[in-house]
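Reader: I would like to go through the terms used for this model and see what each one rests on.

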Amino acid sequence: MRAFLAIVPPPEVVEALEAFVQPRRDAVASRREWRWVRPEHLHLTLAFLPDLEEWREEVLIEEGQRWADRHTPAVLTLVGAGAFADPGAARVLWAGVRGTTALEPWAKGLRAVANHAGVRVDGTRFHPHLTLARAIGRPHPAGQLLQSLDTLSSPSWVASEVVLVASHLGQGPGGTPRYEVRHAWPLPA
């Protein structure tokens with residue numbers, strides 16, 4: 001199965017983010033250049049697992065619990081915006097994350113946990129972000145849109161759990177993925 005380890009922001013942060021993004025999304029909707037992430041799909045990916053074999057899931061859950069038992073919650077805030085690969089030819093628009101001193105070691109540790117469980121981890125160097133939109137078709141210039149998103153600042157929240165999410169491609173509304181939380185690891189206070 002296609003899966004990822006992530007932090008999911010709480011409803012009040014998602015609502016604040018949606019209230020901020022909605023007018024900006026509406027302003028560019030007629031151009032049909034961006035597929036915006038549905039509110040229930042907003043998350044911060046710590047490790048992407050492109051092919052988690054079901055028989056390895058139990059080992060991953062056990063290893064993840066040992067990892068979670070050694071970590072404490074972190075305070076996070078969404079701030080600003082950016083683009084991958086660059087604003088002139090963007091494929092992804094994202095919100096930045098403040099409070100990332102914990103996230104980089106978390107991502108590194110969880111990638112090691114997955115590897116130890118025999119699960120292949122995909123992706124490049126960890127860059128803490130929350131994906132807001134993906135380009136439809138080719139990359140698009142995003143400079144003006146990023147300027148309007150750059151003042152983004154969410155309420156702070158305590159990230160007190162990490163989740164394992166299965167991504168079922170094409171099974172959601174409009175051919176989007178359907179996400180299924182397979183396991184949650186609460187972090188001790």
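Predicted model: local features only at pLDDT ≥ 70, side-chain atom pairs only at ≥ 80, totals over all residues.

Reader: What makes β1 and β8 a pair?

Author: Two strands count as paired if there are at least two bridges between them. Four bridges join β1 (residues 3-7) to β8 (residues 161-168), so the pair meets the criterion. The two strands run antiparallel, and Ala-3 stands opposite Ala-166 in β8.

Reader: Why are β3 and β9 called edge strands of the sheet?

Author: The open sheet has four strands in the order β3-β1-β8-β9, with antiparallel pairing. β3 (44-49) and β9 (178-186) each have a single partner strand, so one side of each has no neighbour in the sheet. From one strand to the next, the twist averages 25 degrees.

Reader: Which helices lie on the sheet, and at what angles?

Author: Helix α2 (residues 54-69) lies across β3, β8 and β9 and runs at about 40 degrees to β9. Helix α3 (residues 103-116) touches β1, β3 and β8, and its direction makes about 20 degrees with that of β3. Contact here means heavy atoms within 4.5 Å.

Reader: What volume does the largest pocket have, and which residues are closest to its centre?

Author: Its volume is about 930 Å³. Of the 32 lining residues, the closest to the centre are His-43, Thr-45, His-129, Thr-131 and Arg-134.

Reader: Which element gives the largest share of that lining?

Author: The largest share of the pocket lining, five residues, comes from β6. By class, the lining of the largest pocket has 15 nonpolar, ten polar and seven charged residues.

Terms used
Residues numbered from 1 in each chain as written. Heavy atoms only, no water. Axes fitted to C-alpha atoms, helices over the stretch in contact; angles between N-to-C directions. 1 Å grid on protein atoms, 1.4 Å probe; cavity = no way out; pocket = protein on both sides within 12 Å on 5 of 7 lines; lining within 4 Å. Points joined across faces, edges and corners; volume = space filled by probe spheres on them. Nonpolar A, V, L, I, M, F, W, Y, C, P; charged D, E, K, R; others polar.
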